[in-house]
Amino acid sequence: MRTSYDIDDVVLLLKDVTGLVKPQPAKERERLIQSGRHYCEMLPVEYVPTSEYMDMYKKALEQYAAPTAAAIGKLADKIIHFKGADPVLISIARAGIPVGILLKRFIKAKYNLDLKHYSISIIRGRGIDDNALKYILGRHAPEKLLFVDGWIGKGAILNELKKDLDNEAYTGISPDIAVVSDPAYVTRLCGTHEDILIPSSCLNCTVSGLISRTFLRDDIIKCDDFHGAVYYGELKDNDLSYGFIEEVEKHFDISGTDNIPQESDDTIPGLNCGMNEVLEIARHFNISDINFIKPGIGETTRVLLRRIPWKILVDPSYKDDMTLRHIIRLAHEKNTRVQFYSLKNYKCCGIIKKLADI
C-alpha cells in the first residue's frame, strides 16, 4: 500500500485500490448509505479545506500539540505497565495510524524499545480484516497484540473487536483498545477521559499518510486480499502527516517516572456512560438510529468533513472553548445549525441528517 508514511513507522496491511474506486460526493454517499448500502463500499471525495479552515488547523496544532503529547505519554506508560515490554501495536486505519506512530516513537525515546507497528482495517458491521490479523499472528504471539485508535466516541469499534475476537482462531488476543481520548469511559488504556482536541482529527488524508478510509467490496476485495484503501498522490503538496507527528513529538516529556493511576480511577463514572448519553440524545431528538449520533470532538469533526450534518450539539460550558473553533468554522461552511445542549461526557456531538431531509 502506497503512503507518505515511512515503513519504519508503520506497516500498512491494506490493498492499494487506487484507480479502482471512484470517490463520491457526500450527498450521493449519504443517500446510498441511508438507503441500505454499507459505507465501506464507497469512498468520499477528499479535498483541501479552505484557507480559513487551514488557519484554524494550524492554530489548533500550535495550541493542542502539547496536551496531545501529554496524553500520548500517559497512554504509553499504561501500555508498558499493563502489556509488558514488547507489545505489538496494531493501529486501526486510518485515525489510529498517527497515534500508533507517536506511541512507537515515545516508547522508543523513553524505554528504548523498538515496537512493531502494523495498521489494519476494522469496519463497523463488517468486522476485522481476518487476512491482516492472520498475517500478524504468523509473526507474533497473540497475547502481545494491542489495538490502537485515536479516540472513542460511543465505543462501536470496541464492540466490533469484542465480537470478532470471540473466535477460537484468535484465542489469546485481548479486545483491549488503546486510545488517546476516551470520554465514554470504555477502556482503561487511554491517555485521558477528557474530550480533548487531537489536531489530526481536524483533517482527512492529508494528515493520515495520504490514504483513504478503508474499503471493502466483493468485486474489488477478493477473499485472500486485505481490506483496501486509496492513495491520494495528487494531494502530496498538501500533505501534513509528518508535520503533525513532529509537532506533537516536540512536546514529549520522557523525564518523569511512570504515573499509572489506580484502576478504580479509570472506571468511573461507569463503563456505559457514553452510550447512555447517546441513548438520551436519541430520545430527546426522536432519532431511531443511534448510528446517526456521533459524540465527541473527533466524531463531530468527521460528521462535518464526510457526512451530511443535521445539527451540531455543543455543551453550553464550552461555547467559547478554543478546542471547538474548527467545528464552529466547519458548521458555518456547511450551513449547519449549532445548538447548545447539556452534555455530560462530551464537549460536542454531531448528528447526521435523515435521508428524508436531504
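At 13% relative accessibility, Phe285 counts as buried, because the limit for that class is under 20%. The model is predicted. Phe285 takes part in two aromatic pairs, one with Trp310 and one with Tyr341.

**Aromatic pairs around Phe285**

- Across the whole structure, a search finds 6 aromatic pairs.
- In one of them, the ring centres of Phe285 and Trp310 are 5.9 Å apart and the planes stand at 90°, so this pair is edge-to-face.
- Phe285 belongs to the loop between helix H7 (273-284) and strand S11 (293-295), while Trp310 belongs to strand S12, so the pair ties together parts that are 25 residues apart in sequence.
- Trp310 has 31% relative accessibility and therefore counts as partly exposed.
- The rings of Phe285 and Tyr341 have centres 5.4 Å apart and planes at 50°, so this pair is tilted.
- This second pair also links distant parts of the chain, since Tyr341 sits in the loop between S13 and S14, 56 residues apart from Phe285 in the loop between H7 and S11.
- Phe285 and Tyr341 are both buried.

**Other ring contacts**

- One aromatic cluster is formed by Tyr118, Tyr135 and Phe226.
- Lys311 is placed over the face of Trp310, at 4.3 Å from the ring centre.
- Arg188 is placed over the face of Phe82, at 4.1 Å from the ring centre.

**Helix H9**

- In H9, the buried residues are His326, Ile327, Leu330 and Ala331.
- Viewed down the axis of H9, these buried residues fall within an arc of 135°, so they line one face of the helix.
- Their packing partners are H2, H8, S12, strand S13 (337-340) and strand S14 (348-352).
- After H9 comes Asn335, with a positive phi near 60°.

**Nonpolar cores**

- The largest nonpolar core contains 58 residues, and Tyr57, Ile72, Ile97, Leu103 and Phe244 have the most contacts inside it.
- At least two residues of this core come from each of helix H2 (51-83), helix H3 (96-111), strand S7 (145-151), strand S8 (177-181), helix H6 (241-249), helix H8 (297-306), strand S12 (309-314) and helix H9 (325-333).
- H2 gives the most to this core, namely 14 residues.
- Another core lies apart from it and has 39 residues, including Leu145, Leu158, Ile287 and Phe292.
- Ile97, one of the residues with the most contacts inside the largest core, touches Tyr5, Val10, Leu12, Ser91, Ile92, His117, Ser119 and Ile211 when its neighbours within four places in sequence are left aside.

**Parallel sheet**

- Six strands form an open sheet with parallel pairing, in the order S1-S4-S3-S7-S8-S9.
- Its edge strands, strand S1 (11-12) and strand S9 (190-192), each pair on one side only.
- Within the sheet order, S3 stands next to S4, and strand S3 (residues 88-92) pairs with strand S4 (residues 117-120) in the parallel sense over 4 bridges.
- Ile92 stands opposite Ile120 in S4, and Ile92 is also among the contacts of Ile97.

How values were computed:
Residues are numbered from 1 along each chain as its sequence is written. This is a predicted model: local features need pLDDT of at least 70, side-chain atom pairs count only at pLDDT 80 or more; totals for chains, interfaces and linings use all residues. Side-chain values use heavy atoms; hydrogens and water are left out. Two strands pair if DSSP finds at least two bridges between them. A nonpolar core is a set of buried Ala, Val, Leu, Ile, Met, Phe, Trp, Tyr and Cys residues joined through side-chain atoms within 4.5 Å. Buried means under 20% relative accessible area, exposed over 50%, partly exposed in between (1.4 Å probe, protein chains only). Contact means heavy atoms within 4.5 Å. The arc is that of the directions from the helix axis to the C-beta atoms. Rings of Phe, Tyr and Trp (its six-membered ring) pair if their centres lie within 6.5 Å; planes under 30 degrees apart count as stacked, over 60 as edge-to-face and the rest as tilted. A charge sits over a ring if NZ of Lys or CZ of Arg is within 6 Å of the ring centre and within 35 degrees of the ring normal.
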